[in-house]
Amino acid sequence: MLQSNLLLTTLREAPSEAETSSHQLLLRAGYIRQLAAGVYTYLPLGRRVLRKIEAIVRDEMDASGAQEVLMPSMQPAELWKESGRYEVYGKELMTLQDRHEREFILGPTHEEVVTTLVRNEISSYRKLPVTIYQIQTKFRDERRPRSGLLRGREFLMKDAYSFDISSEGLDKSYIQMFNAYHQIFKRCGLEFRAVHADSGAIGGEGGSHEFMALAGIGEDTIAICSSCDYAANLEQAEALRPVKNEFVMQVAEIEKFHTPDIRTIDQLEQELDIQQELIIKTLVYEGGGQTFAVVVRGDHEVNEIKVSKYLGMTEIKLAEYDAVKSLAGVESGFVGPVGLPLTILVDAAVAGMTEGITGAGEKDYHFRNVVPARDFSLEQVGDFRNVAEGDVCPHCLEGVLHFQQGIEVGHVFKLGTKYSEKLGASYLDRSGKSQPMIMGCYGIGISRLMSAIVEQHHDEDGMMWPKTLAPYQVHILIMSVKDAEQVAVAEGLYEQLTKLGIETLIDDRDERAGVKFKDASLIGIPLCVVVGKQAAQGSVEYLERATAGKEVLVIMEVMSRIKEFYSPLI
Ligand code: 9G3
């Protein structure tokens, strides 16, 4: 391809709203252009990368036995009313009306559509199990689209759905998909972790795993064990119950002490020189029409997902200041569990304490020598906190947990019969009895994955595509297009490479060398061949973008180096 023909404009600067590196680089290198907030055009270079990612996904999906389909984006709103999800997602659902004023939803995902499809196509156990997938545009009206392709409102997703007749069958489908995901992300050159994840609102029985691309800008926090392969989303990571020291020496009676204007943990720690581990923090929440308190150690944080799952609520939130005052009789900074007229959920780490400091339920006063069970009820004890860095690994009990940020690029779920029951996808079993199909669903954010790969593969000069994904495999730079010798050598090389099936881009523009080098570093094609003055003596410069190694080689040598570099792929 001649770069003088390529629809490509590189920018020296990224627009100010682009904060993450991938967003800046994809814009500056002319891979994408924004049409509207969270809505992007893929220019030729961007489209070529996206197609390579799709090809890897298709290859592994097909290899896993899944069958590709293509479902519509336009979904009748009735389907979402039937499944009960129409209200759940509110404004995030993109809706439209057809000419007969019938309401449609632009698909954010396809559980309803695929379950209806399979309900009509399959009725006998003989036709199961089956897994189908698609690579298709999804629409989600994010409140705050940001970071380019990482959080868009129209994006490319591979979504797959498995249908089985037993939970053992689902486990098999799940593991098959799980392994395919490992292959896909490895072939994309991505550094990732599969983490135990909360099954969240989609709520299947058997939980789920998220595939996290490790990146500093990742919005998710994952807890990773220093010695075993345990990794979990912070929402899900399990906090170990502390060993309660049975030999509790007799603790003095509870004692109230004056703490004028000392409301926060930090103030207690600073002004009274009290360690956070000795403080018992009480927070008042509202959820499911009830008000309750959660009690955690001063150095821990409440994990609201764990609390709401324990209570069987979809969400909980901190009670407003006035509500706390009227219910607890004191402002939140002095609330404590002793004598609190509310149900209290006590985190296991607190239940394991021999004594602690708590709010006294009275303005400007705290209690010391507060003993769990003696001074407040331990009826409801559980894991209600976020794990903390340094916690012992709940899986191997040897390693310790440390945190990393991640970008969720894939998510696999065991759905069970949640949709098949609601939408009537059932089959006749061996004895002719109607049974609901057992489902799993499996997503990869294709366009988000492209950005995550840039986050992991770039330097200050630009992108550095893994050899499996680069828009072109070799970038030939002609230093002076007025020098017939250089042009001839470049074209000769181009012909030889093209004959070998190696995708090659020639920078044949009438531009200064500096501009060509800057653009080549920005675009990030893995190999670069510079045809300059030494062309007359039959030699050129060979550069690898990732290592910035530069060698002067004769044409023959360059050809063999390129073949060697791409050998397993061509
Ligand atoms: C919606 C909107 C946003 C959503 C959903 C529905 C996330 C929704 C979860 C999933 C689960 C799986 C199949 C592929 C893998 C992920 N955001 N989810 O269901 F209406 Cl607006 O999408 N779906």
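Mentor: Domain bounds here come from an automatic or database domain assignment. The model is predicted, so local features need pLDDT of at least 70 and side-chain atom pairs count only at pLDDT 80 or more, while totals for chains, interfaces and linings use all residues. Residues are numbered from 1 along each chain as its sequence is written, and side-chain values use heavy atoms, with hydrogens and water left out.

Trainee: Into which domains is the protein divided?

Mentor: Domain 1 covers 47-238 + 403-454, domain 2 covers 255-382, and domain 3 covers 472-566. Taken over C-alpha atoms, the centres of domain 1 and domain 3 are separated by 42 Å.

Trainee: Is cysteine 396 buried or exposed?

Mentor: Buried, with a relative accessible area of 19%. Buried means under 20% relative accessible area, exposed means over 50%, and partly exposed is in between (1.4 Å probe, protein chains only). Cysteine 228 is also counted as buried, at 19%.

Trainee: Different topic. How many aromatic pairs does a search of the whole structure find?

Mentor: It finds 12. Rings of Phe, Tyr and Trp (its six-membered ring) pair if their centres lie within 6.5 Å; planes under 30 degrees apart are stacked, over 60 edge-to-face, and the rest tilted. One of the pairs is phenylalanine 185 with phenylalanine 211: the centres are 5.6 Å apart and the planes at 40 degrees, so this pair is tilted.

Trainee: Which elements do those two lie in?

Mentor: Phenylalanine 185 is in helix α5 (residues 167-187) and phenylalanine 211 in strand β10 (residues 208-214), so the pair ties together parts 26 residues apart in sequence. Helices (H or I, at least four residues) and strands (E, at least two) are DSSP runs, numbered from the N terminus. Phenylalanine 185 is buried at 0%.

Trainee: Which residues do ring pairs link into a cluster?

Mentor: Tyr174, Phe178, Tyr181, Phe185, Phe192, Phe211 and Tyr442.

Trainee: Last one: what sits over the ring of phenylalanine 565?

Mentor: The charged end of lysine 467, 4.0 Å from the ring centre. The rule asks for NZ of Lys or CZ of Arg within 6 Å of the ring centre and within 35 degrees of the ring normal.
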